[in-house]
Amino acid sequence: MSEVFTGNFTQQEPLPQASLDAAMAVLGHGRLHRYNLTPGETGEVALLEQEFAAFVGAKYCLATASGGSAIGLALRAVGVKPGDRVLTNAFTLAPVPGAIAALGAEPVFVEVTDGLVIDLDDLEAKAGQAEVLLLSHMRGHICDMGRLMEICDAANVTVVEDCAHTMGATWEGVQSGRHGAVACYSTQTYKHMNSGEGGLLVTDDEDIAAKAVLLSGSYMLYERHTAAPGAEVFARHRMETPNISGRMDNLRAAILRPQLAELPRQIGRWNERYRSVEEGIRGTPGLTVVERPEQESFVGSSIQFLLKGWSAGAVGEVLERCLKRGVELKWFGGAEPVGFTSRYAHWRYAASPELGQTDGVLSGLMDMRLPLTFSIADCELIARIIRAEVGAVFQAREG
Ligand SMILES: *Cc1c(COP(=O)(O)O)cnc(C)c1O
């Protein structure tokens, strides 16, 4: 009998007791709106903003209703207008081109490498086409940030970082999100902290920070922020900036603060699981592990591998055989979008020329979540199943 995995790829851990207690305190007093404060009270959202700013080493932080809303606020705050073109990764998830489209702007997709990062040569070639790059650190893979910033600085391109998968990761010791002008994180259930929905935006630029706060729907209560610039900065923007609403509330901030304190420990646990699967699948015939650069310290909340040059039929067979044994792989090369997984050709609101290199990488790209509810033994079992099924299909097709 072959082994079967029975775990659930979408089951998170319960929140820590401190989050439950903090949530009950907020529910007990009823002041869920971030600006609903008693005299002298700072509020859970403002405290979260202070703590997250300190965590990444940023001057300013704004908590938002979602990661996608943080990206939308960031694009508006750096001045993207309807009709503008915005550079972005061809390999990312739908909220990224969606945030650009929501502004009436147009994505210009940049190719992906087989290291799963933005192709810097293609970026350099296209840098003259836009004033802003929305850089998605998709699935936690970080490109050479030194070279990326050189390209963007030389072409006067403002960098907005989508750190939905790199909260807590670093490049050459610098927190992900601290290279560009502004960075956005998500606290949606499948990311590194879980408030159901939610986001965080950080920047060192006082004008971007003030505009983001006003855009998020601060009314004229921005002085209740503690990780924001002074009133004199707001005075420059308060009458010019529309309120598009995208605030976080005290309940979600209350459950996030204890999770932020735990994040470094959780990152260690994710990476143990990642390394266990990686070791288990390394050396499987026909399978390529995505090697991680030494400058990167990542958060292994998901793992990817490549079936390079495989036909769609053979990849489909691997998916099916793994699923029969309880291992849910996602494929970025499918003809139709499935669940969270889609690719640039599916985003038909955004016209794009065909990107041959990206098509080649995505056609063999397999992706798997690693929730912390999996034990190391679970990860070892999953790796054995992948190794056996990829090996079997490869052998049958080769032989
Ligand atoms: C989750 C995610 C976002 C933000 O999504 P929300 O669901 O709005 O928090 C942005 N980019 C990527 C790559 C994501 O995976």
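Buried here means under 20% relative accessible area, exposed means over 50%, and partly exposed covers what falls in between, worked out with a 1.4 Å probe on protein chains only. Helices (H or I, at least four residues) and strands (E, at least two) are DSSP runs, numbered from the N terminus. The model is predicted, so local features need pLDDT of at least 70 and side-chain atom pairs count only at pLDDT 80 or more, while totals for chains, interfaces and linings use all residues. Residues are numbered from 1 along each chain as its sequence is written, and side-chain values use heavy atoms, with hydrogens and water left out.

Helix α3 (residues 67–77) is a handy place to start. It is largely enclosed by the rest of the structure, because 9 of its 11 residues are buried. The buried residues of α3 are G67, S69, A70, I71, G72, L73, A74, L75 and A77. At the start of α3, a side-chain oxygen of S66 comes to within 3.4 Å of the backbone nitrogen of G68. After α3 comes G79, with a positive phi near 100°.

The side chain of D162 has an N or O atom 2.8 Å from a nitrogen atom of the ligand. For H165, a polar side-chain atom sits 2.6 Å from a ligand oxygen atom. The side chain of Q188 also takes part, with an N or O atom 2.9 Å from an oxygen atom of the ligand.

Domain 1 puts 33 residues into the contact and domain 2 puts in 35, where contact means heavy atoms within 4.5 Å.

Next comes the nonpolar core, a set of buried Ala, Val, Leu, Ile, Met, Phe, Trp, Tyr and Cys residues joined through side-chain atoms within 4.5 Å. The largest one has 47 residues, and those with the most contacts inside it are F52, I118, L123, L133, L148, Y185 and L200. Helix α9 (residues 250–281) supplies the largest share, 6 residues. Both domain 1 (17–257) and domain 2 (263–398) give this core at least three residues each. Leaving out residues up to four places away in sequence, L123 touches L87, V110, I118, L133, L148, I151 and C152.

Helix α9 also holds R269, which counts as buried because its relative accessibility is 17%. The side chains of R269 and E13 are joined by a polar contact of 3.0 Å. Not counting residues up to four places away in sequence, R269 touches E13 and L372.

Two other residues round out the picture. P107 is found in strand β3 (residues 106–110) and is buried, with a relative accessible area of 8%. Beyond its neighbours within four places in sequence, P107 is in contact with V86, T88, P97, I100, A350 and A351. G57, in the loop between α2 (44–56) and β1 (60–64), is partly exposed, with a relative accessible area of 48%. With residues up to four places away in sequence set aside, G57 touches R178 and D204.

Finally, the cysteines. A disulfide is a pair of cysteine sulfur atoms within 2.5 Å, and by this rule the count comes to 0 disulfides. The closest cysteine sulfur to that of C163 is in C184, 7.6 Å away and so too far for a bond. For C322, the closest cysteine sulfur is in C379 at 15 Å, which is also too far for a bond. C163 counts as buried because its relative accessibility is 0%, and C322 counts as buried at 0% as well.

Technical notes. Domains from an automatic or database assignment. Polar contact = N/O pair within 3.5 Å; in protein donor to acceptor, adjacent residues only side chain to side chain.
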